[in-house]
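Thank you for asking me to look over this entry with you. Please have the sequence and the 3D view open while reading, as the points below are meant to be followed on both.

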Amino acid sequence: MANHKSSVKRIRQTIVRTERNRFYRTRLKNIVKDVRAAIDAGNKEEAATALKVANQQIHKFVSKGILKKETAARKVSRLHKAVNAL
């Protein structure tokens, strides 16, 4: 157990941030999975729609500080490349 007021607060903050980051990581995986599923099904319209949503959400995660700008650009680029290959 923490002995200082500041360390108790740090523990509370860590718990909140961990929960928030877990939510965003899971959301990101599900977004990418939706695009990949549409690509695997060979449905170009559905893949394009899912890609548009993924692009918006991934860039929103950058603004929230969940992802770095380069990481988001790489993920979106790879998804675009896969959709365009259909």
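Predicted model: local features only at pLDDT ≥ 70, side-chain atom pairs only at ≥ 80, totals over all residues.

1. The protein chain contains three helices and zero strands, and from the N terminus on its elements follow the order α-α-α.

2. On overall dimensions, the C-alpha atoms of the protein chain fill a box of roughly 60 × 20 × 15 Å along the principal axes. The radius of gyration of the protein chain is 17 Å, whereas a compact globule of 86 residues would have a value near 12 Å. Of the 86 residues, 23% count as buried. Among the contacts that link residues at least 6 apart in sequence, 60% join residues at least 24 apart.

3. How do helix 2 and helix 3 pack? Helix 2, which covers residues 44-64, and helix 3, which covers residues 69-84, meet at an angle of about 175 degrees, and their axes lie 10 Å apart. Because angles over 145 degrees count as roughly antiparallel, helix 2 is described as roughly antiparallel to helix 3.

4. The contact between these two helices can be followed residue by residue: on the side of helix 2 it includes Lys44, Ala47, Leu51, Ala54, Ile58 and Val62, and on the side of helix 3 it includes Lys69, Ala72, Val76, Leu79 and Val83.

5. Leu79 deserves a separate look in the viewer. Leaving aside its neighbours within four places in sequence, Leu79 is in contact with Val32, Val35, Arg36, Leu51, Ala54 and Ile58.

6. Is Gln57, a residue with a computed relative accessible area, buried or exposed? Gln57 has its place in helix 2, and because its relative accessible area is 17%, Gln57 counts as buried, the cut-off being under 20%. Not counting residues up to four places away in sequence, Gln57 touches Arg27 and Ile31.

Notes
Residues numbered from 1 in each chain as written. Heavy atoms only, no water. Axes fitted to C-alpha atoms, helices over the stretch in contact; angles between N-to-C directions. Helix = DSSP H or I, 4+ residues; strand = E, 2+ residues; numbered from the N terminus. Parallel < 35°, antiparallel > 145°, perpendicular 65-115°, else oblique. Contact = heavy atoms within 4.5 Å. Rg over C-alpha atoms; globule rule 2.2 N^0.38 Å. Buried < 20%, exposed > 50% of the residue type's maximum accessible area, 1.4 Å probe, protein only.
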